[in-house]
Amino acid sequence: MRRVAHALLGLGAFAVGGHAGGPAAPEAWQARLDSELAAIQADPAHPLASLAVLAIRDGKVVYQRQFGHRWIDNSDPARSKAADEKTLYRIASISKLVTTIGVLRLVEDGVLDLDRDIGEYLGYAVRNPHFPAVPITLRMLLSHTSSLRDDAGYFWTEGNRIEDVIGPKNGVGVEFSKAWSSQAAPGTWFQYANLPWGVVGTVMEKATGERFDRLMKRLVLDPLGIRGGYHVAHLPPDEVAAIATLYRKRGTDDAAPWDPKGPWLPQVDDFSKSPPQPRTGPKYVIGSNATLFGPHGNLHVSVADLGRVMRMLMDRGTLDGRRILEAASVEAMLARQWRSDGGRNGLAAYGASRQRFNAWGLGNQHFLDVSGPGFGDRLVEGGGFAGVGHLGDAYGLTAAFVFDPASREGLIYVTGGPGFNPETARGAWSGFFRHEEQILTALHRRAIQRKAD
């Protein structure tokens with residue numbers, strides 16, 4: 001009980017059912033959920049630096065909470081800063097889903113075509129040397145079927161050109177040969193990767209003449225009323241101050257040992273001593289290398305604003321009475337592009353997670369409720385909640401953005417990093433880590449099903 005009370009000191013709350021005289025008294029399920037999530041975040045054996053969650057029922061936000069701290073002072077815990085509803089997180093690969101919304105807005109404007117050869121936008125040929133007759137399209141990139149992979153890397157600093165990795169080298173060059181898979185022809189094989197999203201961002205820049213981070217602000221973030229962005233150094237000071245540092249109880253090297261009894265060590269986004277540095281300068285050539293803005297994973301937003309993205313997709317492209325995407329665009333985005341046939345048409349495993357990827361749309365995963373010990377994409381204990389969305393995992397952060405378009409129910413969580421090796425606590429009935437299973441199940445059972453028992 002003491003553990004839960006301590007965690008609640010760092011809790012920020014969203015009042016559900018508030019009125020002019022103040023917020024309504026919490027329902028029984030809310031109190032139970034507060035306690036369960038606080039206990040997960042502050043578990044002595046499996047602590048999380050922070051945890052932010054949101055649940056949507058019937059298209060409306062019914063629960064939002066924050067636990068723990070967005071910035072931790074190991075020497076003086078009293079100086080640590082609690083996570084709150086304005087805290088911005090680097091949401092890792094959930095960024096891909098948001099980038100896709102920008103692509104579809106350009107498709108609606110006639111600037112891009114999902115099935116056109118991307119070389120026509122970039123101004124040079126883009127071909128897998130093992131299958132030179134097959135054009136690469138945005139549809140392939142957005143569904144991870146382009147045959148591009150991450151073996152050559154997926155991020156390059158200013159002065160580098162993505163053309164040097166995917167351009168017409170006739171199959172020579174180490175980076176070029178590593179970037180392309182020889183497994184199967186483009187459009188026929190699924191392999192999750194980050195590089196395709198740097199290519200997508202570069203295509204967007206080339207087609208519009210606008211820098212990726214500014215383009216996404218115009219196309220998606222501003223219309224949705226979202227704070228944050230893909231380029232932290234260009235955010236206003238109050239938003240930079242609200243960014244959560246991501247932590248682990250280990251060094252930044254992935255080979256560093258874990259020290260569960262040691263201090264929380266910043267992994268990324270610690271701006272307590274110096275401000276974020278620009279990723280590019282005035283000499284950047286638009287359309288040369290959008291990887292440096294992180295279309296694949298560098299978006300910094302709050303969980304509350306992720307809820308706005310989810311509500312817009314649930315409502316077939318509208319948010320608060322304003323149309324962001326055409327309904328047909330939302331349908332195209334969520335339509336299934338690929339489904340695993342047991343390993344004959346793609347890689348369903350990811351890292352240590354088996355059968356993690358079973359179906360995919362454009363920039364979103366389709367969760368099919370596949371389950372087994374450390375196996376599958378099941379979202380909640382006992383099953384029964386399937387949907388679409390995206391996962392995030394980087395620098396210790398784990399996150400999920402998942403919803404059922406039919407029922408208009410959705411779950412979002414973001415963690416600020418573990419104080420333990422999560423590989424030692426893998427899922428009991430899915431490819432998730434155990435703490436992720438617990439978070440999703442608690443959110444679904446309490447906020448969606450409203451169970452207080």
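Quick housekeeping. It's a predicted model, so local features need pLDDT of at least 70 and side-chain atom pairs count only at pLDDT 80 or more, while totals for chains, interfaces and linings use all residues. Residues are numbered from 1 along each chain as its sequence is written, and side-chain values use heavy atoms, with hydrogens and water left out.

Okay, let's start with strand 2, residues 50–57. When I say strand or helix, I mean a DSSP run, E with at least two residues or H or I with at least four, numbered from the N terminus. Eight of the eight residues in strand 2 are buried, and buried here means under 20% relative accessible area with a 1.4 Å probe, protein chains only. In a regular strand, side chains alternate between the two faces of the sheet. Here Ser50, Ala52, Leu54 and Ile56 point one way, Leu51, Val53, Ala55 and Arg57 point the other way, and all are buried.

So who sits alongside strand 2? I call two strands paired if DSSP finds at least two bridges between them. Strand 3, residues 60–71, pairs with strand 2 in the antiparallel sense over eight bridges, with Gln64 as the bridge partner of Leu54. Two residues lie between the strands in that hairpin, and Asp58 has a positive phi near 55°. Strand 18, residues 409–415, is another antiparallel partner of strand 2, over six bridges, and there Leu51 stands opposite Thr415.

The hairpin has four residues between the strands, and Arg408 takes the positive phi, near 60°. Strand 17 is mostly covered too, with seven of its eight residues buried.

Last stop, helix 12, residues 327–334: Ala327, Ser329, Val330, Met333 and Leu334 are buried. Looking down the axis, those buried residues fall within an arc of 160°, so they line one face of the helix. That arc is taken from the directions from the helix axis to the C-beta atoms. And what covers them? The list includes helix 3, helix 11, strand 10, strand 13, and our strand 16 and strand 17.

Technical notes:
Buried means under 20% relative accessible area, exposed over 50%, partly exposed in between (1.4 Å probe, protein chains only). Contact means heavy atoms within 4.5 Å.
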